[in-house]
Amino acid sequence: MAKAGQPGGGGLDAIAGAVKRAGGKGLPPVHLWNPPDCGDIDMRIAADGTWFYQKTPIGRPALVKLFASVIKREGEKYFLVTPVEKCGIAVDDVPFLAVELYVEQDAGERILHFRTNVDDWVACGPGHPLRFEPEPATGGLRPYIHVRRALWARVTRALFYDLVELGEERDIAAERMFGVVSAGEFFAMAPAAQIRDLL
């Protein structure tokens, strides 16, 4: 991969080539790779899920999926990683969006399956929790689903309303909470009274 501003870096296709050479079947084991830091490249994932390279949207979905397969997070910083190098990228919020919801009923148990904007499916449950963060600008909530390792997807507003429709109230630590159940786990959104105010 090429450093931002490095002459003769080869551009987007050179980056893609390095990622392809590192790949194989399935998701690459980026959590096992610890190559040297090669600095930042001019790549950004906007809050709406759009990928930019040198401030231009990347129009090829296959390229976006390829790059998404080698994202690694270290602390608050994100990288594209191969076995031999890693380059920092900018992420406005989180790397992925959850854009589709499939509700499975299995022997009386509900499992919520989310599809991301790069076509990964995630089954919400013990290894893939939902979290809900306050959104000060609107007074509402921003929902997220854990995808893998330290990577999250923001749940779109439309799917958030679907989650609210599936929600229920439970007493948690002596407080009435509103949340949603998936794979036997209750994921609290907010105090029930607060949700009633939002609706």
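These entries cover aromatic pairs and charges over rings in a predicted model.

**Ground rules.** I took local features only at pLDDT of at least 70 and side-chain atom pairs only at pLDDT 80 or more, while totals for chains, interfaces and linings use all residues. Residues are numbered from 1 along each chain as its sequence is written, and side-chain values use heavy atoms, with hydrogens and water left out.

**Aromatic pairs.** I searched the whole structure and found three aromatic pairs. Rings of Phe, Tyr and Trp (its six-membered ring) pair if their centres lie within 6.5 Å; planes under 30 degrees apart count as stacked, over 60 as edge-to-face and the rest as tilted.

I looked up Trp51 and Phe67: their ring centres are 6.3 Å apart and the planes are at 25°, so this pair is stacked. Trp51 belongs to strand β2 (residues 51-53) and Phe67 to helix α2 (residues 61-68), so the pair ties together parts 16 residues apart in sequence. Helices (H or I, at least four residues) and strands (E, at least two) are DSSP runs, numbered from the N terminus. Both Trp51 and Phe67 are buried (under 20% relative accessible area; exposed is over 50%, partly exposed in between, with a 1.4 Å probe and protein chains only).

Next I took Phe160 and Tyr161, with ring centres 6.2 Å apart and planes at 35°, so the pair is tilted. Phe160 is buried at 6% relative accessible area, whereas Tyr161 is partly exposed at 49%.

**Charges over rings.** I required NZ of Lys or CZ of Arg within 6 Å of the ring centre and within 35 degrees of the ring normal. The charged end of Lys86 sits over the Phe79 ring, 4.6 Å from its centre. Arg131 lies over the face of Trp152, 4.4 Å from the ring centre.
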